[in-house]
Amino acid sequence: MSEIAATCACSNVRKAARVVTQLFDEVLQPTGLRSTQFTLLVAVALLGEAPVTQLAEALVMDRTTLARNLKPLECLGLLTVEAGTDRRKHLAKLTEDGRQALASALPYWEQAQHRVVTRLGQERWHALRSSLQATMTLAQPL
């Protein structure tokens with residue numbers, strides 16, 4: 001069992017993700033946004049008015065989980081989720097408050113990002129990013 005605990009890809013990736021998430025959450029705390037919320041706002045900003053299904057694919061998230069995570073941001077008035085021309089299709093879009101929240105949070109994100117990259121070092125950070133990109137190809141069908 002100890003070998004499984006030490007070598008399990010899922011467990012090790014999730015532990016590393018939790019550590020990074022905790023660091024970003026700590027740094028973003030003054031903004032009132034969690035790292036996951038910041039990431040969602042960035043994705044919506046990049047996609048513009050995006051179908052929730054497309055947003056889920058871009059974030060490699062289950063659509064139901066994404067909808068549950070969008071709800072608090074919608075309640076805060078940072079984005080809207082409205083039915084498109086087809087009632088089955090819902091579109092997520094940043095509000096002006098959402099754009100302002102994102103702009104206000106950006107310096108905090110930069111601080112957290114700098115802390116991670118500095119602690120890892122540029123070379124290790126680039127190798128990790130490359131490895132993570134390769135790992136994300138596992139989500140693609142064979």
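Colleague: Which side chain does E74 meet in a salt bridge?
Modeller: That would be K71, with 3.7 Å from N to O. Bear in mind that this is a predicted model.

Colleague: And how are E74 and K71 placed in helix 5?
Modeller: They are about one helical turn apart, because 3 residues separate them in helix 5, which covers residues 63-75.

Colleague: OK, how many salt bridges does the count come to?
Modeller: The count is 4. One of them joins R99 to E96, with their closest N and O atoms 3.4 Å apart. R99 and E96 are also about one helical turn from each other, since they sit 3 residues apart in helix 6.

Colleague: Which residue does R115 form a salt bridge with?
Modeller: R115 pairs with E26, and the closest N and O atoms are 3.9 Å apart. That pair links distant parts of the chain, 89 residues apart, with R115 in helix 6 and E26 in helix 2.

Colleague: Is E26 buried or exposed?
Modeller: E26 is exposed, with a relative accessible area of 54%. R115 is partly exposed, at 24%.

Colleague: Changing topic: what is the volume of the largest pocket?
Modeller: About 2,100 Å³. The lining has 41 residues, and the closest to the pocket centre are A17, V20, T21, T39 and L132.

Colleague: Which helix gives the largest share of that lining?
Modeller: Helix 2, with 13 residues. Helices 2, 3, 4, 6 and 7 each supply at least two lining residues.

Colleague: And how does the lining of the largest pocket split by class?
Modeller: There are 26 nonpolar, 9 polar and 6 charged residues in it.

Colleague: Now the surface. Which residues form a nonpolar patch there?
Modeller: L128, L132 and M136, which together have about 240 Å² of accessible area. M136 is in helix 7, and it is partly exposed at 42% relative accessible area.

Colleague: Last one: is L55 buried or exposed?
Modeller: L55, which lies in helix 4, has a relative accessible area of 0%, so it counts as buried.

Colleague: How far is the L55 C-alpha atom from that of R119?
Modeller: They are separated by 31 Å, and the two residues are 64 apart along the chain.

Conventions: Residues are numbered from 1 along each chain as its sequence is written. This is a predicted model: local features need pLDDT of at least 70, side-chain atom pairs count only at pLDDT 80 or more; totals for chains, interfaces and linings use all residues. Side-chain values use heavy atoms; hydrogens and water are left out. On a 1 Å grid over the protein atoms alone, a cavity is a set of points where a 1.4 Å probe fits but cannot get out, and a pocket is an open set with protein on both sides within 12 Å along at least five of seven lines; lining residues have an atom within 4 Å of a point. Grid points are joined across faces, edges and corners, and a volume is the space filled by probe spheres set on the points. Helices (H or I, at least four residues) and strands (E, at least two) are DSSP runs, numbered from the N terminus. Ala, Val, Leu, Ile, Met, Phe, Trp, Tyr, Cys and Pro count as nonpolar, Asp, Glu, Lys and Arg as charged, and the others, Gly among them, as polar. Patches are made of residues with over 30% relative accessible area and no salt bridge: like charges are joined within 9 Å, nonpolar side chains (Val, Leu, Ile, Met, Phe, Trp, Tyr) within 5 Å. Accessible areas come from the Shrake-Rupley method with a 1.4 Å probe; for residues, only the protein chains shown count as cover. Buried means under 20% relative accessible area, exposed over 50%, partly exposed in between (1.4 Å probe, protein chains only).
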